[in-house]
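Dear colleague,

Please find below the structure that I am handing over to you. My notes on it follow directly after.

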Amino acid sequence: MILLAGDLFHDNKPSRLSMYHVMRSLRKNCLGMKPCELQFLSDANEVFASAFGHVNYEDPDINISIPVFSIHGNHDDPSGQGNYCSLDLLQVAGLVNYYGRTPKADEIDVKPVLLQKGQTKLALYGISNVRDERMFRNFRDHKVKWFRPNQQSTDWFNLLAVHQNHHAHTATSYLPENMLPEWLDLVVWGHEHECLIDPRHNPETGFHVMQPGSSVATSLVPGEAVAKHVAVVSITGKDFSVEKHRLKTVRPFVTAEIVLATDKRFKGLEKKKDNRQELTRRLMTVVEEMIEEANVEWESIQEVDVDEHERPLPLIRLKVEYTAPEGGHYDIENPQRFSGRFSGKVANTNDVVHFYRKKTVQST
């Protein structure tokens with residue numbers, strides 16, 4: 001099976017082009033004559049709340065070989081008349097199983113999808129996205145109700161997919177791991193884009209946490225520049241193992257940060273009267289090196305030789321701190337004009353460079 005922890009789409013109303021490609025991919029890769037070997041033990045009406053009362057691979061009218069189970073994230077959340085989302089459309093088409101709904105934002109019932117294969121029993125929990133402050137209050141005020149299997153609850157491997165802030169941006173704008181029940185075995189954390197695919201043991205709660213991250217870079221920050229992976233998780237009884245696979249078709253992204261005043265490549269430049277042209281030339285050399293690094297990295301992970309015309313243009317982000325030493329001056333170029341010089345070489349031709357000054361602290 002395939003498990004998604006939300007944000008299958010980047011937008012609440014995905015374009016027809018996006019929906020077309022997703023549906024095409026699901027049909028190509030998930031439909032087939034090989035029967036799905038997962039025994040479904042839940043009440044589908046309770047865990048899916050869909051128009052059809054069964055998991056998609058038990059539908060007599062379609063052949064599903066690899067079922068997809070997904071919660072919704074903050075980008076593809078339900079809205080509008082009927083409170084539907086894009087996952088509802090894919091579910092009614094028989095392509096995904098949308099579970100972990102949160103129809104009441106201040107009263108959440110977490111009911112597991114119960115699956116069995118051989119002797120291994122999986123209780124698959126899901127909590128779709130709710131605004132972080134509200135989710136924090138729900139857990140704090142014990143308004144999250146967990147449902148567990150009636151029989152032999154200790155025999156089940158308990159896996160939770162969740163889509164919330166993982167790190168404390170403010171005191172209440174995230175979901176602390178220690179608020180989750182200790183009887184969980186593995187938590188798959190959506191929402192955060194940095195790929196931390198290796199399971200991390202939480203000594204306080206006892207469960208493991210995996211953060212797969214986003215499959216593509218959507219913002220030009222260092223956390224997005226980490227290599228993107230997916231994982232194959234194998235569960236046997238109460239034990240699990242992880243086999244990670246690097247995504248090889250992701251657009252390469254390289255980010256760097258330099259301080260002109262201390263970087264040897266720009267030594268003495270601040271003393272030159274009209275230094276804009278020379279400063280731009282040296283910065284362009286830095287960006288060209290980053291582009292080369294991105295292209296070499298992308299080619300190194302390909303299994304076959306790829307024509308350079310088929311290679312995706314990289315994302316490049318150079319942050320430049322341009323506070324000059326006393327008596328000096330850096331005459332920087334307009335960032336958009338500078339970035340436009342790399343048209344045809346990078347994917348982000350408007351924001352290759354970001355100039356900023358060192359913050360000064362005034363004493364009162």
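The count of aromatic pairs comes to 9; rings of Phe, Tyr and Trp (its six-membered ring) pair if their centres lie within 6.5 Å, and planes under 30 degrees apart count as stacked, over 60 as edge-to-face and the rest as tilted. Elsewhere, ring pairs join Phe40, Phe48 and Phe69 into a cluster.

Before going further, please note that this is a predicted model, in which local features need pLDDT of at least 70 and side-chain atom pairs count only at pLDDT 80 or more, while totals for chains, interfaces and linings use all residues. Residues are numbered from 1 along each chain as its sequence is written, and side-chain values use heavy atoms, with hydrogens and water left out. Helices (H or I, at least four residues) and strands (E, at least two) are DSSP runs, numbered from the N terminus.

Is Phe136 buried or exposed? Phe136 has a relative accessible area of 12% and is therefore buried, a term that means under 20%, with exposed over 50% and partly exposed in between (1.4 Å probe, protein chains only). In helix α4 (residues 132-140), Asp132, Met135, Asn138 and Phe139 are buried as well as Phe136. Seen down the helix axis, the buried residues of α4 fall within an arc of 160°, so they line one face of the helix; the arc is taken from the directions from the axis to the C-beta atoms. Just after α4, His142 has a positive phi of about 60°.

Next come the strands, which pair if DSSP finds at least two bridges between them. Strands β13 (residues 229-236) and β14 (residues 239-246) are antiparallel, paired over 8 bridges, and Val233 faces Val242 in β14. The two strands form a hairpin with 2 residues between them, and Gly237 in the turn has a positive phi of about 65°.

Strand β16 (residues 315-321) is joined to β17 by 4 bridges, and Lys319 has His354 in β17 as its bridge partner.

With kind regards
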